[in-house]
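These are my notebook entries on a single structure. I record what I looked up, topic by topic.

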Amino acid sequence: MLKTTDSKILVVEDDPGMCRSMRFLLSSYGFDIQTSQNLPDAFNSLQTNAYGLILLDLNIEDQSGFAVMDHLAKSRLDTPVIIVTGERSEEKAITALKKGAVDYLKKPFET
């Protein structure tokens with residue numbers, strides 16, 4: 001049986017530098033961070049672990065991050081998803097929110 005912890009976050013991002021940065025930043029706040037840099041690894045992580053949050057890029061090695069959201073819906077996993085992407089399409093943002101994303105953040109981040 002999977003145990004859910006609110007402090008466990010899955011980062012699905014194909015850019016190794018972004019993965020390192022997000023792991024460093026979120027770990028410094030006490031979160032348990034796991035990263036997946038491709039969709040098969042993300043699906044495997046979702047089958048073996050429970051997460052309190054998923055930070056999801058929409059473009060992962062020329063594949064769509066929407067596949068992760070579809071997997072969550074099909075598996076009836078109620079894990080909150082925040083899209084973190086360089087994608088500029090307003091249509092994709094709307095689609096992400098309709099598929100259940102709780103927020104949509106654009107990269108690069110502005111301070």
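Which residue is the bridge partner of Leu-10 in S2? I find that Gln-34 takes that place.

**Entry 1: basis.** I note that the model is predicted, so that local features need pLDDT of at least 70 and side-chain atom pairs count only at pLDDT 80 or more, while totals for chains, interfaces and linings use all residues. Residues are numbered from 1 along each chain as its sequence is written, and side-chain values use heavy atoms, with hydrogens and water left out.

**Entry 2: the sheet.** I took helices (H or I, at least four residues) and strands (E, at least two) as DSSP runs numbered from the N terminus. Two strands pair if DSSP finds at least two bridges between them. On this basis I read an open sheet of 5 strands in the order S2-S1-S3-S6-S7, with parallel pairing. Strand S2 (32-36) and strand S7 (103-106) stand at the edges with a single partner strand each, so one side of each has no neighbour in the sheet. Neighbouring strands are turned by 20 degrees against each other on average, direction ignored. For such angles, axes are lines fitted to C-alpha atoms, for helices over the stretch in contact, and the values run from 0 to 180 degrees between N-to-C directions. Strand S1 (residues 8-12) and S2 run parallel and are joined by 5 bridges.

Entry 3: Leu-25 belongs to helix H1 and counts as partly exposed because its relative accessibility is 47%. Together with Tyr-29 and Phe-31, Leu-25 makes a nonpolar surface patch of about 340 Å². Patches are made of residues with over 30% relative accessible area and no salt bridge; like charges are joined within 9 Å, and nonpolar side chains (Val, Leu, Ile, Met, Phe, Trp, Tyr) within 5 Å. The areas come from the Shrake-Rupley method with a 1.4 Å probe, and for residues only the protein chains shown count as cover.

In helix H3 (residues 66-74), I list Phe-66, Val-68, Met-69, His-71 and Leu-72 as the buried residues. Their cover includes helix H2 (39-48), S3, strand S5 (63-64), S6 and H4.

**Entry 4: salt bridges.** The criterion is a side-chain nitrogen of Lys or Arg within 4 Å of a carboxyl oxygen of Asp or Glu. How many salt bridges does a search of the whole structure find? I record 4.

Asp-57 pairs with Lys-107, the closest N and O atoms being 3.5 Å apart. Asp-57 lies in the loop between S3 and strand S4 (59-60) and Lys-107 in the segment after S7, so this pair ties together parts 50 residues apart in sequence. Asp-57 and Lys-107 are both buried. Glu-13, Asp-57 and Lys-107 are linked in a network of salt bridges.

Asp-70 and Lys-99 meet at 2.6 Å, N to O. This pair links Asp-70 in helix H3 to Lys-99 in the loop between H4 and S7, 29 residues apart. Asp-70 is partly exposed at 38% relative accessibility, and Lys-99 is partly exposed at 37%.

Glu-87 and Lys-92 form a further salt bridge, with closest N and O atoms 3.8 Å apart. Glu-87 is buried at 18%, whereas Lys-92 is partly exposed at 30%.

**Entry 5: Gly-86.** Gly-86 lies in the loop between S6 and helix H4 (90-98). Not counting residues up to four places away in sequence, Gly-86 touches Asp-57 and Lys-107. Gly-86 and Pro-108 are 6.7 Å apart, C-alpha to C-alpha, and 22 residues apart in sequence.

**Entry 6: positive phi.** Asp-62 has a phi of about 60 degrees although it is not a glycine; this residue sits in the loop between S4 and S5 and is exposed at 85%. Arg-76, also not a glycine, has a positive phi of about 55 degrees. Arg-76 lies in the loop between H3 and S6 and is exposed at 77%.

Definitions and conventions: Buried < 20%, exposed > 50% of the residue type's maximum accessible area, 1.4 Å probe, protein only. Contact = heavy atoms within 4.5 Å.
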